Amino acid sequence: MKIHVKNHIDWVGRIDWELRNFHGMEYSTHRGSSYNAYVVREEKTVLIDTVWAPYDRQFVDNLDQEVGLANLDAVVMNHSEVDHSGSLPELMARRPDLPIYCTANGVKILKGLYHQDWNFVTVKTGDSLDVGNGKKLVFVEMRMLHWPDSMASYLTGDEVLFSNDAFGQHFASEFLFSDKVDPAELMAEALKYYANILTPFSALVVAKIKEVLALGLPIDLIAPSHGVIWRGDPTRIVLKYMEWAQDYQENQITILYDTMWDATRTMADRIAEGIHLEDPAVVVKLYNVGKTDKNDAISEVFKSRTVVAGSPTINHGISTAMAAILEEIEGLKFKNKKAAAFGAYGWSGESVAKLNGLLSKAGFTLVSEGIKCMWNPTAEDQARCMAIGREIAKANKAE
Ligand code: FEO
């Protein structure tokens, strides 16, 4: 199977409709994904990236049928992560002489993963591979976007940027192009991908995009390694990335909570009510983290100006679901967000203090000392929760 991309470029990847988790169980993929590999056939025939190992035989057989393995002159590995390099062992077993173009870090990682001394050609930003007919693949290192080895390749003449993970989406579609799919679904997946994978590297995203835009290269297509190709104003997603990378916020407050017997949930409801009374314009969303997909909740945190976290006290601490998502939130290094904590308890009541500590450690600015209620919230407790909600809404509006 191949899908025509442009001129002498074809997609030869794998659509994975059934994928529901990625990076082990770290990232949910409700809409599946794809592993995009491309072949450029000019005077030279160059493969760009491969696909995940479970599909290696199919991938290489298909490549042989569509292109002919003997016709390959080189493979470019924009990134060594297993979802893109997983078919290299199968490919190299059948073409052991094939040159592999990648960064110096790519060589280290590929050797670390596969323990093979393949025919590596190390490249850095500005280096190129002449593919003939007046075209060349120009390499741009994308260090830490999102691995040390990441790079992009730009095909002159056709003006196609093979961006690998950058601008990707975990989004399976038979239609390979952005203008052929539901735009709301596409942007939701692109945002989820950015929020959950690229947020920690936002400063590097801004610097790299400025560096690439300063080159003034015309870009007709952006062809990432997951999801659809950006076509018809592809710089739209580049500008979106610039927006997302600069402490992105919508006028939203997200309440994350866990609850054992509904006391903390009642508090969440009253806090939301207080927020809405104070500021009817702000979007308030509530998620029980014990029942909500972690990555979907992270996407909502990404969009929020303020996050309110609630947990009952359990074994002198907080619930395991809340602890897990706060661990993820800390690692993502969100900037310029406000927070507050709440929780019900029966006797010792440490959860709010613990949440305050974890939120501060994750870089959030606390806008309240938080609120805790013993056993089920009384009418007075519920009024206190509403008052805290108003306080949070006021702080959310303040600069
Ligand atoms: Fe799609 Fe970082 O691998």
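1. Two salt bridges are counted between domain 1 and domain 2, a salt bridge being a side-chain nitrogen of Lys or Arg within 4 Å of a carboxyl oxygen of Asp or Glu. Glu-26 pairs with Lys-294 in a salt bridge whose closest N and O atoms are 3.9 Å apart. Please keep in mind that this is a predicted model, in which local features need pLDDT of at least 70 and side-chain atom pairs count only at pLDDT 80 or more, while totals for chains, interfaces and linings use all residues. Residues are numbered from 1 along each chain as its sequence is written, and side-chain values use heavy atoms, with hydrogens and water left out.

2. Now the domains themselves. Domain 1 covers 3–244 and domain 2 covers 253–394, with bounds that come from an automatic or database domain assignment. Their C-alpha centres are 39 Å apart. Twelve residues from domain 1 and twelve residues from domain 2 take part in the contact, where contact means heavy atoms within 4.5 Å.

3. How much area is buried between domain 1 and domain 2? The value is about 1,000 Å², and carbon and sulfur atoms give 54% of it. Buried area here is the accessible area (1.4 Å probe) that two parts lose on being put together, summed over both.

4. Across the interface of domain 1 and domain 2, seven residue pairs are in polar contact, both residues at pLDDT 80 or more. A polar contact is a pair of N or O atoms within 3.5 Å; within protein, one must be able to donate a hydrogen and the other to accept it, and residues adjacent in sequence count only if both atoms are side-chain atoms. On the side of domain 1 that touches domain 2, strand 5 (27–28) and helix 5 (183–198) each supply at least two residues. Helix 5 gives the largest share, five residues. Helices (H or I, at least four residues) and strands (E, at least two) are DSSP runs, numbered from the N terminus.

5. A pair to look at next is Glu-90 and Arg-57, which form a salt bridge with the closest N and O atoms 3.7 Å apart. Glu-90 lies in helix 3 (residues 88–94) and Arg-57 in helix 1 (residues 56–66), so this pair ties together parts that are 33 residues apart in sequence.

6. Glu-278 belongs to helix 8 (residues 263–278). Its side chain makes a polar contact with the side chain of Arg-390 at 3.0 Å. Leaving aside residues up to four places away in sequence, Glu-278 touches Arg-390, Ala-393, Lys-394 and Lys-397.

7. On to the sheet: six strands form an open sheet in the order 12-13-14-15-16-17, with mixed pairing; two strands pair if DSSP finds at least two bridges between them. Strand 12 and strand 17 (230–231) are at the edges, each with a single partner strand, so one side of each is left without a neighbour in the sheet. Strand 14 and strand 15 (residues 160–164) run antiparallel and are joined by three bridges, and Tyr-154 has Leu-161 in strand 15 as its bridge partner.

8. Finally, some backbone details to check by eye. The peptide bond from Leu-145 to His-146 is cis, with omega near 10 degrees, and His-146 lies in the loop between strand 13 (135–141) and strand 14 (151–155). Asn-133 has a positive phi near 55 degrees and is found in the loop between strand 12 (128–132) and strand 13.
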